[in-house]
Amino acid sequence: MRAVRMTAPGVLEQTEVPVPTAGPGEVLLRVGAVGACHSDLHILDAPAGMFPTPMTLGHEVAGTVDQVGAGVSGWSPGDRTAVYGIIGCGHCRACLRGLEDQCRVVPVGGVGLSRDGGLAEYVVVPASRLLHVGDLDLSQAAPLTDAGLTPYHAIELARPRLRPGTTCVVIGIGGLGHMAVQILVATTAVRIIAVDTSVAALDLASRLGAHEVVRAGPDAVEQIRTLVGPPPDGADVVLDFVGADPTLTTARQVVATGGQLLLVGLAGGTLPVRPVADEPPTVPLETSVVVPFWGTRAELQEVIALGRAGQLHADVQTFPLDRASEAYEALRRGEIHGRAVIMP
Ligand SMILES: [Zn+2]
Ligand SMILES: [Zn+2]
């Protein structure tokens, strides 16, 4: 079968590999769709030894059950599924609580992270990772597993503050941010302020229900402050889906005293937290900073329910498998609107 693999750090190649077989407790999926994630670029750019090579990339997967391994019950060939990508150890304190995103033993383990992922015609996954998607289009189901789940999890963490009438600033209306806007619309009564450098992304945010949009730039902080009030007032919650120095600076300058700043994007920026050294403080007093990672299996089931109810729709650009590297190059150049989805 064809597979798109990282054969060495930084090297993405289309190769022929044997169709894998499902071992005990596993399922062989015929891959329908795979989202191309910024994290895949981080995996490609990571130093040697951080991730196994060769490894098939793709951690945002939906497909159809082809074969079930020994001891698997509840799944049959033809079932349409989404894959919960994280594979925790299953027995640490976090995993036992269903928080596999916080596994204490396997910090970043999963499909396309520590074993072969979905950028191939077939992939083997543990049966415990599968969730039914009903008649949801697989090109929609795949992005729900990360581009949908990651913002959903971040919003869940912020939910006690997201009371009716509060304000949430969403920075970065890309693959995750455009899903965040819809999740906020569907599950809260907050005022949503979308921030992005791209006018097209801001138009998308408005169409999806953002109440205000602000173009990122030198006067973005002032513009947001006119909407949310100057310090010590501000936004109750700020979701930063970029995580670069400029977006983190904006985030900490507009979050309210006692608010919450969630750093989701992996652009590698620095957030200084120095409460008394500066006036005004680098991060407002009583503000909580959270660094969410992906989400839980239970949350994915809820994300799929939103998708099936028509309340969460990924804006996708599809590519065939042999154009996967083109999708990643476009992603790296910032030219993908919404989510790039590769259809093996
Ligand atoms: Zn991802
Ligand atoms: Zn664990």
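Donors, in what follows, are N, O and S atoms within 2.8 Å of the metal (3.2 Å for Na, K and Ca), and since water is not among the atoms, sites may look incomplete. The model is predicted, so local features need pLDDT of at least 70 and side-chain atom pairs count only at pLDDT 80 or more, while totals for chains, interfaces and linings use all residues. Residues are numbered from 1 along each chain as its sequence is written, chains are lettered from A and ligands numbered from 1 in the order in which they are written, and side-chain values use heavy atoms, with hydrogens and water left out.

I start with the zinc ion (ligand 2). Its donors along the chain are spaced C-x2-C-x2-C-x7-C. They are the SG atoms of Cys89, Cys92, Cys95 and Cys103, at 2.3 to 2.4 Å. The angles among the four donor atoms run from 105 to 118°, and the site is tetrahedral (for four donors, all angles between 85 and 135 degrees). For reference, the ideal angle for four tetrahedral donors is 109.5 degrees. Cys92 is buried, at 9% relative accessible area; buried means under 20% with a 1.4 Å probe, protein chains only.

Now the zinc ion (ligand 1). Which residues coordinate this ion? They are Cys37 through SG, His59 through NE2 and Asp146 through OD, at 1.8 to 2.2 Å. The spacing here is C-x21-H-x86-D. Cys37 sits in the loop between β3 (26-36) and α1 (38-45), and Asp146 in helix α3 (residues 138-158), so the pair ties together parts 109 residues apart in sequence. Helices (H or I, at least four residues) and strands (E, at least two) are DSSP runs, numbered from the N terminus. Both Cys37 and Asp146 are buried.

Next, the sheet. It is open, with six parallel-paired strands in the order β11-β10-β9-β12-β13-β14; two strands pair if DSSP finds at least two bridges between them. β11 (212-215) and β14 (288-290) are the edges, each with a single partner, so one side of each has no neighbour in the sheet. β13 (residues 255-263) pairs with β14 over three bridges, and Gln260 stands opposite Ser288 in β14.

Helix α4 packs on this sheet and touches β9 (167-171), β10 (191-196) and β12 (235-240); contact means heavy atoms within 4.5 Å. Why is α4 called largely enclosed by the rest of the structure? Because eight of the 11 residues of α4 (residues 177-187) are buried. Among them are His178, Met179 and Gln182.

Technical notes:
Buried means under 20% relative accessible area, exposed over 50%, partly exposed in between (1.4 Å probe, protein chains only). Four donors count as tetrahedral if all angles lie between 85 and 135 degrees; four count as square planar and six as octahedral if opposite donors are over 155 degrees apart and all others between 65 and 115; anything else is irregular. Axes are lines fitted to C-alpha atoms, for helices over the stretch in contact, and angles run from 0 to 180 degrees between N-to-C directions.
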